[in-house]
Amino acid sequence: MGHDFVAGRHSLLNVFLYNTESMFKSIFKCIAPFVFAATLLAAETPPNFIIIYADDLGYADTSVQMMDADPSTKHKFIQTPGLDKLAELGTRYTASYSPTPTCTGSRISIQHGQSSAKIQYRYVFDVYSAVQRPDGYDDEITIAEMMKDAGKNYITAHFGKGCSAMGRFDESGYDITDENPGEAGGNGNGHGSYWDPIQKKTPFPPDNPKRMHSLRKSAAGFLKEYAGEQPFFMMVSHYAPHIPFACTREAFERNKKRWIEMGFSTDGMEDLPGDFILNPKGEANREIAYAAMIEEMDMTLVDILKVLKDKGELDNTYIIFTSDNGGGKADKVEIDGEKRRFNGPLQEGKRSIFEGGIRVPTVISGPGIRAGGECNVPIVQWDLMATLHDLSGSNGPLPPNTDGGSLRDVFEKGNSGKVARVAPGILHHYTCHYHPTISSIIIGDYKLMRHLASGELRLYNIKTDYAEQNNLADSMPEKVAAMDAIRQNYVDEVDGGSTDDVRAAHLKLIDKFCQQSKDQYHNKLAELKAKNPSDFEAQKSKMLKELNVKLKKNFESKEETRQMAKHYSWRESSGAKAKAKEIVDATWVDYTGE
Ligand SMILES: [Ca+2]
């Protein structure tokens with residue numbers, strides 16, 4: 001891809017800089033007034049911002065080849081014409097990180113511009129967060145609240161998947177949302193299968209799987225109304241391509257035809273019933289449904305680009321496309337007796353601190369960003385708070401807890417750009433009680449990883465070895481020690497929590513659940529005693545049996561957490577669940593109710 005077209009007002013000057021110096025001198029007199037005018041115009045018209053957030057989209061699950069030098073960073077089948085167009089207009093950020101390898105932690109991090117350790121929400125269902133933040137996150141400033149404080153008349157909007165830990169977007173600085181009325185978590189963290197994700201009673205109509213098309217219409221509708229009228233910040237959070245896989249019949253058939261034409265295996269391609277496709281089982285059908293779902297998700301981007309162009313706002317809008325964590329759907333390969341997952345060339349996927357879990361497909365276009373560019377400077381989603389603050393020319397303060405740095409320099413200079421981040425590096429502190437616990441920090445070209453259960457350390461040069469094949473820990477002990485010290489100091493400084501803290505919180509929470517179940521049983525039993533039915537003993541026995549099923553499950557959950565403390569593997573297949581069940585089965589004594 002060439003540099004012949006550079007998007008945006010700031011970059012008009014760059015177009016000329018590509019020309020020879022003599023040419024530059026001869027034309028300078030002609031363009032100088034224009035540059036001056038453009039600068040004035042830019043000062044008067046703050047840029048717009050759009051964040052499009054995919055859910056569980058893997059690094060190599062689009063038709064954009066993330067790295068020019070590595071064909072395996074592009075999917076063999078999936079088509080994303082919207083993202084292709086965005087990559088033509090803007091730059092691919094090949095070392096762009098999500099804040100965590102699982103959902104909620106990333107969502108709350110991006111909203112508050114802080115690492116997951118600092119915002120104290122490190123993984124889905126972070127049990128220690130409730131201990132550290134009993135009053136929630138109302139005292140933290142969101143990216144939308146920061147934009148409202150910019151003094152630039154920004155209108156803010158959020159459409160799509162919620163953030164259960166944060167609460168409602170319409171109470172968090174977003175003027176316009178599509179949240180379910182009355183629901184505490186807005187649109188909840190449900191996976192877009194139901195209008196009411198908690199009760200799960202009202203599925204979406206067949207022409208709107210995973211809300212993909214209503215989201216597209218909401219986004220386009222917002223732009224039609226506000227683009228060019230008022231500066232805006234809009235975030236669109238998809239439910240796709242998280243499981244369950246869902247797509248319209250039309251998109252499925254279109255992709256199936258292409259799958260057959262391209263000569264891929266038709267194993268598992270039996271006919272599917274129904275007027276839309278939901279979670280098919282056969283291998284080929286799964287691949288096709290996954291591709292169709294991603295293609296339908298991508299239509300939002302197609303529509304956004306079209307409306308912005310029609311409105312003349314494309315060149316004044318930063319469009320940031322990225323994913324909340326690495327690919328949920330990974331290729332599985334058995335190596336050395338261990339099941340391993342891969343996302344293109346990257347190891348592992350969602351739920352892992354290896355690159356496949358945190359390095360996410362990211363394309364950004366906007367004023368000053370090179371068209372068709374590729375940039376390998378490591379960036380992280382909690383940089384966006386400082387970035388939007390900077391680029392909007394905000395008159396308000398940067399929220400005091402902001403951890404990231406503005407990406408302006410990287411946007412303007414590509415690989416020679418620098419990020420002045422508040423945090424000492426890009427930290428991933430994954431203390432999850434049911435996965436391998438790993439804490440890592442990226443500084444420069446290197447990533448240091450500490451296994452929090454075994455204490456083992458690993459070091460990778462992720463610039464050259466993003467596949468993480470060559471552990472440099474033994475050959476660079478001083479670098480390992482220095483980076484690990486920076487990592488631990490930062491965690492201590494922000495009270496990022498240890499795995500012991502998390503496990504203790506989990507065990508305590510389960511004890512609380514057990515006590516609640518016992519209390520419920522005794523209350524029901526008292527009611528039953530008062531009624532004194534003829535089959536009292538039979539009913540009591542049934543209630544007690546149900547209680548013991550619950551208690552035993554809870555004990556298994558506690559035992560699994562204890563087992564995970566001894567899980568020294570870097571990958572998921574721990575066997576902790578099976579081992580916990582075995583132990584509890586061997587020692588379990590029913591609660592008698594006494
Ligand atoms: Ca996710």
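Predicted model: local features only at pLDDT ≥ 70, side-chain atom pairs only at ≥ 80, totals over all residues.
1. The protein chain is built from 17 helices and 19 strands. Its radius of gyration is 26 Å, close to the 25 Å that the globule rule gives for 594 residues, so the chain is as compact as a globular protein of that length. Taken along the principal axes, the C-alpha atoms fill a box of roughly 100 × 60 × 55 Å.

2. The domain assignment divides the protein chain into domain 1 (47-423), domain 2 (438-493) and domain 3 (502-587). The centres of domain 1 and domain 2, taken over C-alpha atoms, are separated by 27 Å, and the contact between these two domains takes 11 residues from domain 1 and 11 residues from domain 2. On the side of domain 1 that touches domain 2, eight residues are nonpolar, two are polar and one is charged.

3. The largest nonpolar core has 121 residues, and those with the most contacts inside it are M234, A289 and M293. Helix α10 (residues 283-310) supplies the largest share of this core, namely 11 residues. Once neighbours within four places in sequence are left aside, M293 is in contact with K210, A240, P241, F245, A246 and C247.

4. Another core, of seven residues, lies apart from the largest one, and I108, Y121, A165 and M166 are among its members.

Terms used: Residues numbered from 1 in each chain as written. Helix = DSSP H or I, 4+ residues; strand = E, 2+ residues; numbered from the N terminus. Rg over C-alpha atoms; globule rule 2.2 N^0.38 Å. Domains from an automatic or database assignment. Contact = placed C-beta atoms within 7 Å. Nonpolar A, V, L, I, M, F, W, Y, C, P; charged D, E, K, R; others polar. Core = buried A, V, L, I, M, F, W, Y, C linked by C-beta atoms within 7 Å. Buried ≥ 20, exposed ≤ 12 C-beta atoms within 10 Å, placed from the backbone.
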